Amino acid sequence: MTPEEILRDNFAPWVLALGLQVESVGSREAVLRLPWSSSLAREGGGLSGQAMMAAADTATVIAISSARGGFVPMTTVQQSTTFQRPVIDTDLLVHARITKLGRTLAFCDITLTPADAPDPAAHATTVYALLS
C-alpha cells in the first residue's frame, strides 16, 4: 500500500480536506506538504495551529507505516507542539522522524518548516500506541 493509499483509506474526510501531499518517505521518516490555504488561516493570516497539529499527527502515521512495512491500526497517545513563528502565504513541510519504534509504542519527532524558509515554524513530538 502506498503512502497516498494509506492517507486515502485511513483518515477522516476533514483530514483529507487539508490536501496533504506525500513529498518523500524513508525507512523511519516521512515528509508531507500542507498546501497553503486561506481557509486554514486564523485571524491575522497565520496558518492555524490545529491544521499544523493535524498535519504532524498524519505525518507520524505515514512514517510509522513506512517503518513497519504497511499500515497497522494505531492511535495517538500523546502529542506536544511548540509554535515558534507564524506561517503566512506559504506551504508547510512536515518532517516526521521516528526516534524509537517498539513493539507497542512508537515515538516521533516532527519539524514543521515553511517551504520558503530554512527555520522551523513549529516542533512537535508524538507517542503512538501500535494496536497490532
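This is a predicted model: local features need pLDDT of at least 70, side-chain atom pairs count only at pLDDT 80 or more; totals for chains, interfaces and linings use all residues.
**View 1**

**View 2. Strand E2 beside strand E4.** E2 also pairs with E4, again in the antiparallel sense, and here the pairing runs over six bridges. Glu29 finds its bridge partner in E4, namely Arg97. E2 is mostly covered, since five of its six residues are buried.

**View 3. The largest nonpolar core.** This core holds 38 residues, and among these Leu34 and Leu112 touch the most other members. Two or more residues come from each of helix H1 (3-10), strand E2 (29-34), helix H3 (49-68), strand E4 (92-101), E5 and strand E6 (122-130), with H3 giving the most, ten residues. When neighbours within four places in sequence are left aside, the contacts of Leu112 include Met52, Ala56, Leu92, Val94, Pro120 and Ala122.

View 4. Asp109 lies in strand E5, which spans residues 105-114. Asp109 counts as buried because its relative accessible area is 18%, and buried means under 20%. Its side chain makes a polar contact, at 2.6 Å, with the side chain of His123. Beyond the neighbours within four places in sequence, Asp109 is in contact with His95, Ala96, Arg97, Thr99, His123, Ala124 and Thr125; one of these residues, Arg97, is also the bridge partner of Glu29.

Terms used. Residues are numbered from 1 along each chain as its sequence is written. Side-chain values use heavy atoms; hydrogens and water are left out. Helices (H or I, at least four residues) and strands (E, at least two) are DSSP runs, numbered from the N terminus. Buried means under 20% relative accessible area, exposed over 50%, partly exposed in between (1.4 Å probe, protein chains only). A polar contact is a pair of N or O atoms within 3.5 Å; within protein, one must be able to donate a hydrogen and the other to accept it, and residues adjacent in sequence count only if both atoms are side-chain atoms. Contact means heavy atoms within 4.5 Å. A nonpolar core is a set of buried Ala, Val, Leu, Ile, Met, Phe, Trp, Tyr and Cys residues joined through side-chain atoms within 4.5 Å. Two strands pair if DSSP finds at least two bridges between them.
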